[in-house]
Amino acid sequence: MIIRMKKNATQKQIEAVLNFFSSKGCTYKDASSADVSLYGIIGDTKSIMESDVYAFEAVDKITRIQEPYKKASKTLHPEPTIIDVSGVKIGGGTFTIMAGPCSVESKEQLFNIADAVKQSGAKILRGGAYKPRTSPYAFQGLGEVGLDILAAAKKEYHLPIVTEIYSAELIPLFLEKGVDIFQVGARNMQNYDLLKALGKIRKPVMLKRGMDATIEEWLLAAEYILAGGNEQVILCERGIKTFDRYTRNCLDIQAVLAIKQLSHLPIIVDPSHASGRYDMIEDLAKAALVVGADGIIVEVHNHPECALSDGAQSLKPEKFDHMVKELEKLAPLCGKTL
Ligand code: PEP
Ligand code: MN
């Protein structure tokens, strides 16, 4: 952290700032010249908030040199993290496809879709059992019954399962039912109680980006899980809000590049929630592969017209199959295997 003091700051005011850093276990280097009063703070400043330091009268400008997140950062962990999800690798040279319905609606529905996506090449089965919906009147998911159907499909089709958790209280139930990836939805990216609780388990967590979250806020949310000792964090870019209403959200494809520059954590792209449109999914999935994402999560429904949630952004199994074939052709050009 570098601090520039105000031109008219008194020696006493400057000392107050330097004493504050000493009390936090930091030292400093005086880099002042005739024109500018500049101090480099040496030590671990990750717990010091800039907003607190601006409270000192002498402080003019603060520049952070290190990222506020340590464990999510590439600085001390340059090699990419590869996460083993019950035998399926996420990260490194693979492009992992997760697919399934938005919501688990019935055993017949999930088994039908699981069978189709498995045959096409999906490696992980998705399906929401607990659905945090924007409207309290919309379908809220089957809850525990949905988890049981997911567990049965996992057994029948030998596919690990990913499903959303929105409350720390549900963790024991999710563990008992054998959930392989605990998905934190966009609406809960900053649910710190949940993130802390997920830091205590030793299961992969897929952290979706909040719809208005900056990259730094997202990585700091990941840091909550990592700081608890759970190192199995997968990031998921699912589109952010912009001014345009033609699509549901806007896929921030460059976020994949930013994450690859800043972090060692794997990143998955969700073209379904990003676009909200089934007719954009295949091309957005290709874009994800080209920019270096570690995989995609895609909604698939056997009867999208009758889906209880997100039918308009769900691929029919035939379209999903077509997409996977296209990705298989493209993958070698991107240095990835499916
Ligand atoms: C989902 O994946 O079903 C979901 C609700 O996504 P998001 O949290 O990104 O809206
Ligand atoms: Mn959905």
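**Reading side-chain features**

Tutor: Let us begin with a polar contact: the side chains of His 301 and Asn 302 are joined by one of 3.3 Å. Please keep in mind that this is a predicted model.

Student: Where is the place of His 301?

Tutor: His 301 is found in the loop between strand 14 (295-299) and helix 11 (317-330).

Student: Is His 301 buried or exposed?

Tutor: The general idea is a cut-off: buried means under 20% relative accessible area. His 301 has 3% relative accessibility, so it counts as buried.

Student: Which residues does His 301 touch, not counting residues up to four places away in sequence?

Tutor: With that exclusion, His 301 touches Pro 101, Glu 105, Gln 109, Ile 113, Ala 307, Ser 314, Leu 315, Lys 316 and Pro 317.

Student: Let us turn to rings. How many aromatic pairs does the structure hold?

Tutor: There are 8 aromatic pairs in the structure. One of them is formed by Phe 20 and Phe 56, with 5.1 Å centre to centre and 55 degrees between the planes. Planes under 30 degrees apart count as stacked and over 60 as edge-to-face, the rest being tilted; the pair of Phe 20 and Phe 56 is therefore tilted.

Student: Which parts of the chain does the pair of Phe 20 and Phe 56 link?

Tutor: The pair links distant parts of the chain, 36 residues apart: Phe 20 belongs to helix 1 (residues 11-23), and Phe 56 to the loop between helix 2 (50-53) and strand 4 (59-63). Phe 20 is buried, with a relative accessible area of 18%, whereas Phe 56, at 21% relative accessibility, counts as partly exposed.

Student: What kind of aromatic pair do Tyr 130 and Tyr 166 form?

Tutor: Tyr 130 and Tyr 166 form an edge-to-face pair, at 5.9 Å centre to centre and 85 degrees between the planes. Tyr 130 lies in the loop between strand 8 (124-126) and helix 4 (144-157), and Tyr 166 in the loop between strand 9 (161-164) and helix 5 (171-176), so the pair ties together parts that are 36 residues apart in sequence. Tyr 130 counts as buried at 11% relative accessibility, while Tyr 166 counts as partly exposed at 31%.

Student: Which residues do ring pairs link into a cluster?

Tutor: Tyr 130, Tyr 166, Phe 174 and Phe 182 are linked into a cluster by ring pairs.

Student: Which residue lies over the face of Phe 111?

Tutor: Lys 107 does, at 5.0 Å from the ring centre.

Methods. Residues are numbered from 1 along each chain as its sequence is written. Chains are lettered from A and ligands numbered from 1 in the order in which they are written. This is a predicted model: local features need pLDDT of at least 70, side-chain atom pairs count only at pLDDT 80 or more; totals for chains, interfaces and linings use all residues. Side-chain values use heavy atoms; hydrogens and water are left out. Rings of Phe, Tyr and Trp (its six-membered ring) pair if their centres lie within 6.5 Å; planes under 30 degrees apart count as stacked, over 60 as edge-to-face and the rest as tilted. Helices (H or I, at least four residues) and strands (E, at least two) are DSSP runs, numbered from the N terminus. Buried means under 20% relative accessible area, exposed over 50%, partly exposed in between (1.4 Å probe, protein chains only). A charge sits over a ring if NZ of Lys or CZ of Arg is within 6 Å of the ring centre and within 35 degrees of the ring normal. A polar contact is a pair of N or O atoms within 3.5 Å; within protein, one must be able to donate a hydrogen and the other to accept it, and residues adjacent in sequence count only if both atoms are side-chain atoms. Contact means heavy atoms within 4.5 Å.
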